[in-house]
Amino acid sequence: MKLFETQLTLRWRDLDAYLHVNNANYLTLFEETRILWFNTFPGPWRAPDAEPVVARVEIDYKRALHYPEALISQLHLERLGNSSLSLLHSLCSAGDTDVIYATGKTVLVWTDPQIGRSTPLPELVRAACTLNAA
């Protein structure tokens with residue numbers, strides 16, 4: 001189920017010495033997409049007793065990504081758990097969405113930072129994940 005889609009623009013600083021996007025910067029693009037999605041929620045997605053932490057990240061690099069390029073970044077829900085959610089990411093060319101640069105997966109776990117243990121997903125997050133299911 002698609003949760004969110006946005007357009008992202010590469011920055012010159014995203015490049016490495018070979019003039020393509022450095023592999024680590026894909027994580028930043030995935031993160032930027034998640035934060036933009038979180039910011040569409042009608043309230044705060046983190047609180048003093050519940051905030052997300054990245055528990056796992058996977059990236060499949062499909063082709064080299066060069067500057068300049070406008071991207072479409074999509075976020076899909078893979079799994080909704082009690083305290084976690086698995087999100088699928090895809091980065092494709094804004095000019096030709098058949099050109100896929102990378103896909104990936106991020107598992108987020110909501111934790112209580114005061115005790116360092118998982119906590120149930122905030123209802124706001126759960127609602128954002130099930131809103132498009134109807």
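## Exercises on side chains and their partners

W12 sits in the loop between β1 (2-9) and α1 (25-38); helices (H or I, at least four residues) and strands (E, at least two) are DSSP runs, numbered from the N terminus. This is a predicted model, where local features need pLDDT of at least 70, side-chain atom pairs count only at pLDDT 80 or more, and totals for chains, interfaces and linings use all residues. Residues are numbered from 1 along each chain as its sequence is written, and side-chain values use heavy atoms, leaving out hydrogens and water.

**Exercise 1.** Decide whether W12 is buried or exposed.

*Solution.* Start with the cut-offs: buried means under 20% relative accessible area, exposed over 50%, partly exposed in between (1.4 Å probe, protein chains only). W12 has 57% relative accessibility, so W12 counts as exposed.

**Exercise 2.** Classify the ring pair of W37 and F38.

*Solution.* Recall the rule: rings of Phe, Tyr and Trp (its six-membered ring) pair if their centres lie within 6.5 Å; planes under 30 degrees apart count as stacked, over 60 as edge-to-face and the rest as tilted. Seven aromatic pairs turn up in the whole structure. For W37 and F38, the ring centres are 5.5 Å apart and the planes lie at 40°, so this pair is tilted. Next, check burial: W37 is buried at 2% relative accessible area, and F38 is buried at 2%.

**Exercise 3.** Find the salt-bridge partners of R11.

*Solution.* A salt bridge is a side-chain nitrogen of Lys or Arg within 4 Å of a carboxyl oxygen of Asp or Glu. D14 bridges to R11 with the closest N and O atoms 3.2 Å apart. E32 also bridges to R11, at 3.5 Å.
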